[in-house]
Structure formats: structure tokens, C-alpha cells
Amino acid sequence: MTKEKTIILLLLLVLLISGCSNKTVKKTNADEMKNSKLFSENEIVENSNSPSNKEQSSIFNGFIFTVYAAGNETSYLSTNYMEDSTKIVLTPDIEISLNKFSLSMSSVPGLPFTIDISKDDIDNFNIDTIKVCVDSGELNNWNRDTGVVTSEGQSITIDIIGTGETIYWSPGFDAEASNTRNIQITVEAISDSTVIGKQNIYITQDQNGYYYATVGELELM
């Protein structure tokens with residue numbers, strides 16, 4: 001074999017080896033890009049399903065207000081009103097006739113309102129307390145087992161326990177409050193010292209001792 005042929009064969013061998021190497025590099029780069037794309041897509045899916053994003057996209061659904069009414073609106077609630085009365089959930093723009101109330105005649109310390117929040121809302125928004133304020137009369141707590149009534153004035157804070165809390169609105173012994181025709185109770189949901197939603201209960205007295213209630217729209221803060 002001549003020297004020229006040997007050189008030509010060596011050059012062909014070098015070109016062949018170089019071509020194989022380039023194909024390997026190109027295949028490696030393509031595989032890396034494919035894997036990188038798959039990782040990015042998986043990361044996006046995982047992030048979209050993360051609890052924090054789900055929580056941020058959810059909306060506080062508001063409060064559940066339950067009132068109690070006997071069969072006859074001219075009668076007074078008994079001490080066993082929770083068992084004996086009809087439970088009605090307040091909804092906006094629908095007025096509910098409550099029982100007649102009088103401090104001297106009633107067996108309860110006020111008109112009862114049970115305030116609750118769904119467990120999903122409590123968990124999603126980390127709601128720890130509910131604040132209740134009234135612009136006339138007073139709010140009371142009543143231990144039905146012991147009969148002890150605690151006056152809270154015009155503001156009360158309820159710790160969330162997940163089973164609903166019943167408060168009692170009363171005109172008290174103030175003559176002006178007893179004759180007030182329109183009473184507003186404001187209820188606020190609080191998470192980490194921040195109000196995230198509020199709703200008003202409206203009580204109307206059309207004649208002495210006869211009360212009606214409705215609820216306003218939820219306001220998200």
C-alpha cells in the first residue's frame with residue numbers, strides 16, 4: 001500500500017469517527033431537552049394542584065344563621081326551644097317571623113340566633129373567631145344547663161368550635177331600645193386578626209314585642 005493511500009484511509013477513518021460522535025452529542029442534547037420539557041410540565045401540574053393555589057382560588061361562602069320559631073308567632077319561646085321550635089336558616093331578602101319576646105314574659109334571655117361557618121371555610125381560610133356587634137339592645141350568652149345568663153353588652157367575640165354558637169339579642173331594660181323598630185347585628189369572620197367577610201342581620205319590630213328577621217348579602221373583604 002502506498003503512502004498516499006494510507007493517508008486517505010486515515011482521513012476517512014477520522015471523518016467516520018467524527019460523524020458518529022456528532023450524532024451521539026445531538027441525541028444526548030435532544031434527550032436532555034425532552035427530559036427538561038417533561039420536568040417543566042410536571043412542575044406546572046404540581047404547582048397548579050398545590051394546596052396554597054387551591055386555597056387562593058376558593059371563595060369564602062359566608063355564615064349560616066339559624067333562627068327559631070314556634071308554631072304561633074304570638075307565643076313565647078320555651079326553654080326547650082331548640083327541640084320544640086322550627087329551625088329556619090336566614091337567606092337574603094326573605095323576612096322570617098320570629099316569636100314574641102318580652103323580658104318579663106319570655107323563658108329565654110333574648111331572641112336566639114345560632115351562628116355557624118362551614119368546616120371547609122374554617123379550614124381553607126384559617127378562621128379562628130367571629131365578632132358580633134349590635135347597634136341597639138344587648139347580646140347575651142346563656143348556659144342552658146346551669147341557667148346562667150351573661151350579658152356581653154353590644155359586642156361579643158365567638159371562638160370557632162365547629163358546631164355553631166347561639167347568642168341572644170334582647171332590648172334589655174332600656175325603654176328606648178325596647179321601642180326601637182330597626183336593629184342591625186353585624187357579624188364578621190376573622191382570620192389572623194383580619195376581617196375576611198361580614199354580613200348583617202336585620203331585626204324589625206312592627207309592634208311591641210313582635211319581631212321579624214332577615215339577612216343582608218355577604219360582603220367579602
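Tryptophan 169 counts as buried in this predicted model, because its relative accessibility is 1%, under the 20% cut-off. Tyrosine 211 is likewise buried, with a relative accessible area of 2%. Tryptophan 169 and tyrosine 211 form an edge-to-face aromatic pair, with 5.4 Å centre to centre and 70° between the planes. Tryptophan 169 belongs to strand E9 (residues 165-170) and tyrosine 211 to strand E12 (residues 210-215), so the pair ties together parts that lie 42 residues apart in sequence.

Tryptophan 169 is also one of the residues that touch the most other members of the largest nonpolar core, together with Phe113 and Val132. This core contains 39 residues. When residues up to four places away in sequence are not counted, valine 132 touches Ile115, Leu139, Gln154, Ser155, Ile156, Ile158, Ile167, Ile185, Thr186 and Val187.

The structure holds seven aromatic pairs. In one of them, phenylalanine 60 and phenylalanine 63 are arranged edge-to-face, at 5.7 Å centre to centre and with 90° between the planes. Both phenylalanine 60 and phenylalanine 63 are buried. Elsewhere, arginine 144 lies over the face of tyrosine 81, at 5.4 Å from the ring centre.

The chain has five helices and 13 strands. Of its 221 residues, 34% are buried. Among contacts with a separation of 6 or more, 66% are between residues 24 or more positions apart.

Methods: Residues numbered from 1 in each chain as written. Predicted model: local features only at pLDDT ≥ 70, side-chain atom pairs only at ≥ 80, totals over all residues. Heavy atoms only, no water. Core = buried A, V, L, I, M, F, W, Y, C linked by side-chain atoms within 4.5 Å. Buried < 20%, exposed > 50% of the residue type's maximum accessible area, 1.4 Å probe, protein only. Contact = heavy atoms within 4.5 Å. Helix = DSSP H or I, 4+ residues; strand = E, 2+ residues; numbered from the N terminus. Phe/Tyr/Trp six-rings, centres within 6.5 Å; stacked < 30°, edge-to-face > 60°. Lys NZ or Arg CZ within 6 Å of the ring centre and 35° of its normal.
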